[in-house]
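Subject: Structure handover

Hello,

Here is the structure for your files. My notes on what was found in it follow below.

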Amino acid sequence: MPRSLSGVDMRKRQQPHIEGPPQAPGHPRPNNCCMCWCGCCKCLWNEDHMEGSERTCTKMDSIEAMEEQQPTLDEVVAWARSFELVMRSSEGREIFREFLRSEYSEENLLFWLACEELKKETDPTAIDEKARIIYEDYVSILSPKEVSLDSRVREGINLSLAEPSNVMYEEAQLQIYTLMHRDSYPRFLNSSVYRDLLDSKRSSCLDT
């Protein structure tokens with residue numbers, strides 16, 4: 001004789017399947033370009049992220065929020081064509097940082113990244129605090145991580161300390177970016193750090 005259904009079983013059978021509400025679309029990112037140092041804002045920085053989901057990142061957001069993604073062979077090869085591509089990629093920056101560490105110049109990249117974070121800050125109290133930390137860590141002559149800035153830029157920073165802003169290090173940041181581009185980047189491409197990664201990616205492609 002078939003077993004009669006309990007009240008609980010009946011409710012389970014009668015209960016309809018309810019799907020959650022559709023996820024609201026995210027707000028579009030602003031088209032601020034933080035990599036175009038010429039100031040023309042016509043670079044492909046904001047357009048590149050539309051070309052494919054394999055991109056490591058679309059702009060210099062908080063480094064902690066970036067997706068950790070292994071670069072493809074094409075991306076690693078592209079790093080040899082453009083320093084900007086290295087700096088766009090979280091993995092590229094990490095590999096470049098490893099090279100700079102071997103040359104005892106890691107502070108250049110750390111300073112550049114700290115300036116990027118400061119530029120996104122809007123709270124006056126946080127701006128004051130971050131500007132002071134950057135000065136103590138990378139500008140002060142007493143710091144072991146002092147970066148190389150010319151006297152004119154250094155004097156401008158000292159004057160800005162009275163009323164810190166989120167762009168007070170912009171000229172210094174450009175100077176360090178240029179230094180890394182012209183001085184460190186060519187050696188990076190010839191280093192074992194980069195060459196070993198490139199060989200590893202090529203071997204992986206051949207194995208597959």
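First, a definition: helices (H or I, at least four residues) and strands (E, at least two) are DSSP runs, numbered from the N terminus. On that basis, the elements of the chain run α-α-α-α-α-α-α-α-α-α from the N terminus on. That gives ten helices and zero strands.

This is a predicted model, in which local features need pLDDT of at least 70, side-chain atom pairs count only at pLDDT 80 or more, and totals for chains, interfaces and linings use all residues. Residues are numbered from 1 along each chain as its sequence is written, and side-chain values use heavy atoms, with hydrogens and water left out.

**Whole chain**

The chain has 208 residues, and 36% of them are buried. Buried means under 20% relative accessible area, exposed over 50%, and partly exposed in between (1.4 Å probe, protein chains only). The accessible surface is about 13,500 Å². Carbon and sulfur atoms hold 52% of that surface. Areas come from the Shrake-Rupley method with a 1.4 Å probe. Take the contacts (heavy atoms within 4.5 Å) with a separation of 6 or more: 59% of them join residues 24 or more positions apart.

**H6 and H7**

Helix H6 (residues 106–119) packs with helix H7 (residues 124–139) at an angle of about 170°. Their axes are 10 Å apart. Axes are lines fitted to C-alpha atoms, for helices over the stretch in contact, and angles run from 0 to 180 degrees between N-to-C directions. H6 and H7 are therefore roughly antiparallel (the cut-off is over 145 degrees; under 35 is roughly parallel, 65 to 115 roughly perpendicular, the rest oblique). The H6 side includes Leu 110, Phe 111 and Cys 115; the H7 side includes Ile 127, Ala 131 and Ile 134. By class, the contact has ten nonpolar, no polar and three charged residues. Ala, Val, Leu, Ile, Met, Phe, Trp, Tyr, Cys and Pro count as nonpolar, Asp, Glu, Lys and Arg as charged, and the others, Gly among them, as polar.

**H5 and H9**

The axes of helix H5 (residues 90–102) and helix H9 (residues 170–189) come within 10 Å and cross at roughly 90°. H5 and H9 are therefore roughly perpendicular. Ile 95, Phe 96, Phe 99 and Leu 100 of H5 meet Met 180, Ser 184, Tyr 185, Arg 187 and Phe 188 of H9. Seven of these residues are nonpolar, one is polar and one is charged.

**Cysteines**

There are zero disulfides (pairs of cysteine sulfur atoms within 2.5 Å). Cys 115 is buried at 2% relative accessible area. Cys 205 is partly exposed at 41%.

Best wishes
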